[in-house]
Amino acid sequence: MIDILTQEINGLWMVLKDSATLPGVVWLSVTLTIYALAIKINRLAGNNPLLHPLVITAVGVMLLAVVTGTAIDDYQQHAGLLHWLLGPATVALALPMYAQWQKVRELGWQLVLAIAVGGIIAPVLAWLCLFVVDAPLALQMTMLAKSITTPLAMETSRVIGGVPELAAVFVIITGIAGAIAAPLSFRLFQVADRQAQGIALGSVAHAVGTAKALSMGEDVAAMASLGLCLNGIMTAIVLPLVFS
Amino acid sequence: MPAFLVNACRQCFGLLMLFVFYILGEVIVQSASLPLPGALVGLLLLLFMLLFLKRTPATIASGARPLLSHMTVLFVPAVCAVMLMWQDIEPYLMSISAAIFISTALSLGATAWVAVRIFLAAKGSQHHD
């Protein structure tokens, strides 16, 4: 137990040491600067999901890495602090979840059931698309975690034999696709109920879906964040139990 | 002590608490070899603590705020790594796109459709009670 603790603290120490080097400081500041610009651009574009800050920042960093001849492995090491902070950030999700707790108790089993349905349909449909073409197992496993919030998806896919980095990409594209497709999809299935729409957006398209829900109204967004929270926890517990 | 220093200390302490919960989760998962993400266990520990306290301590809230509102930037290193995996993904680009776009659009509608029925059924049973 002490070994694991020292190993974890050592890991953090190495990350901090890498950040304190010149390339570390430069790449961290570059990433944060591009991110700050990306937020501004996204706001100017009326929060268009296609111009999600993550898309702009990642493309910007990749371009800069190519132009400066920096290998992506090196970039990952220099900016490792950002990656490490994902752990504590995941833990911090307990706060919004706690804030939603009262609502979960009020709405009861039907809420949990509705969210669980979304949590099962989306990954199973996505997984089927990869299963029929006999894609590598790691790819199939990664796809199973695509509907939940990115930090949980990355960790969960790692535990069940997927690729965390790929999970991050699948998750963000899922969110963007969901936010764009939502109005059409709800019309197709003739669902006008705002609560139901919110639950679908949160449990299928996580945080990007929840942002879309916010533009549809506070009540839709409240249901969406419930879907995001509950489905995130349920999927992150169920997938590892089933697959490992 | 000036107010901004107090706030900065509070924020640092809140962040430190989150670090502790995260590392605690990792240590528990690894020493008990649980098949769960360590960060998830840390999250659940913190959630149980909040449910027990019945409130969110201001220190933890101020430490969590920057992480929660700017979580997006923390994914940048991971997303960039896709450049390294491009060769492995490329042959499956069509099915990956189908998996993501079609399944997401269908799941959204289907989930909402089922949710409406579940709510109706719940309401129906309440009336009969």
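1. In this predicted model, the C-alpha centres of domain 1 of chain B and domain 2 of chain B are separated by 29 Å. Domain 1 of chain B covers residues 1-74, and domain 2 of chain B covers residues 75-129.

2. The overall dimensions of chain B deserve attention alongside this division. For 129 residues, a compact globule would have a radius of gyration near 14 Å, whereas chain B has 22 Å. Along the principal axes, the C-alpha atoms of chain B fill a box of roughly 60 × 55 × 35 Å.

3. The secondary structure of chain B consists of seven helices and zero strands. Read from the N terminus, the order of elements in chain B is therefore simply α-α-α-α-α-α-α.

4. Within chain B, one helix pair may be examined in detail. The axes of helix 1 of chain B and helix 3 of chain B come within 7 Å of each other and cross at roughly 85 degrees. Helix 1 of chain B is therefore roughly perpendicular to helix 3 of chain B, because angles of 65 to 115 degrees count as roughly perpendicular.

5. The residues that form this contact can be listed. From helix 1 of chain B come Asn7(B), Arg10(B), Gln11(B), Phe13(B), Gly14(B), Leu15(B), Met17(B) and Leu18(B); they meet Thr59(B), Ile60(B), Ala61(B), Ser62(B), Gly63(B) and Ala64(B) of helix 3 of chain B. By class, the contact of helix 1 of chain B with helix 3 of chain B has seven nonpolar, six polar and one charged residues.

6. Chain A has twelve helices and zero strands. Its radius of gyration is 19 Å, close to the 18 Å that the globule rule gives for 244 residues, so chain A is as compact as a globular protein of that length. The C-alpha atoms of chain A occupy a box of roughly 55 × 50 × 45 Å along the principal axes.

7. Chain A is also divided into two parts: domain 1 (2-87) and domain 2 (94-243). Their C-alpha centres lie 25 Å apart. Six residues of domain 1 of chain A are in contact with eight residues of domain 2 of chain A. On the domain 1 side of chain A, the residues touching domain 2 comprise four nonpolar, two polar and no charged.

8. Inside domain 2 of chain A (94-243), helix 6 (residues 94-107) and helix 12 (residues 218-243) of chain A pack at about 110 degrees, with their axes 10 Å apart. This makes helix 6 of chain A roughly perpendicular to helix 12 of chain A. The crossing of these helices of chain A is left-handed.

9. Helix 6 of chain A contributes Pro96(A), Met97(A), Gln100(A), Lys103(A) and Val104(A) to this contact, and helix 12 of chain A contributes Ala222(A), Ser225(A), Leu226(A), Cys229(A) and Leu230(A). The contact of helix 6 with helix 12 of chain A has seven nonpolar, two polar and one charged residues.

10. Finally, how many residues of each chain take part in the contact between chain A and chain B? The model places 65 residues of chain B in contact with 90 residues of chain A. Elements giving two or more residues to the chain B side include helix 1 (3-31), helix 2 (38-53) and helix 7 (93-128) of chain B. Helix 7 of chain B provides the largest share, 22 residues. By class, this side of chain B has 52 nonpolar, twelve polar and one charged residues.

Terms used: Residues are numbered from 1 along each chain as its sequence is written. Chains are lettered from A and ligands numbered from 1 in the order in which they are written. This is a predicted model: local features need pLDDT of at least 70, side-chain atom pairs count only at pLDDT 80 or more; totals for chains, interfaces and linings use all residues. Two residues are in contact if their C-beta atoms, placed from the backbone, lie within 7 Å. Helices (H or I, at least four residues) and strands (E, at least two) are DSSP runs, numbered from the N terminus. Ala, Val, Leu, Ile, Met, Phe, Trp, Tyr, Cys and Pro count as nonpolar, Asp, Glu, Lys and Arg as charged, and the others, Gly among them, as polar. Axes are lines fitted to C-alpha atoms, for helices over the stretch in contact, and angles run from 0 to 180 degrees between N-to-C directions. Angles under 35 degrees count as roughly parallel, over 145 as roughly antiparallel, 65 to 115 as roughly perpendicular and the rest as oblique. A crossing is left-handed if the near helix is turned anticlockwise from the far one by less than a right angle, and right-handed if clockwise. Domain bounds come from an automatic or database domain assignment. The radius of gyration is taken over C-alpha atoms; the globule rule is 2.2 Å times the number of residues to the power 0.38.
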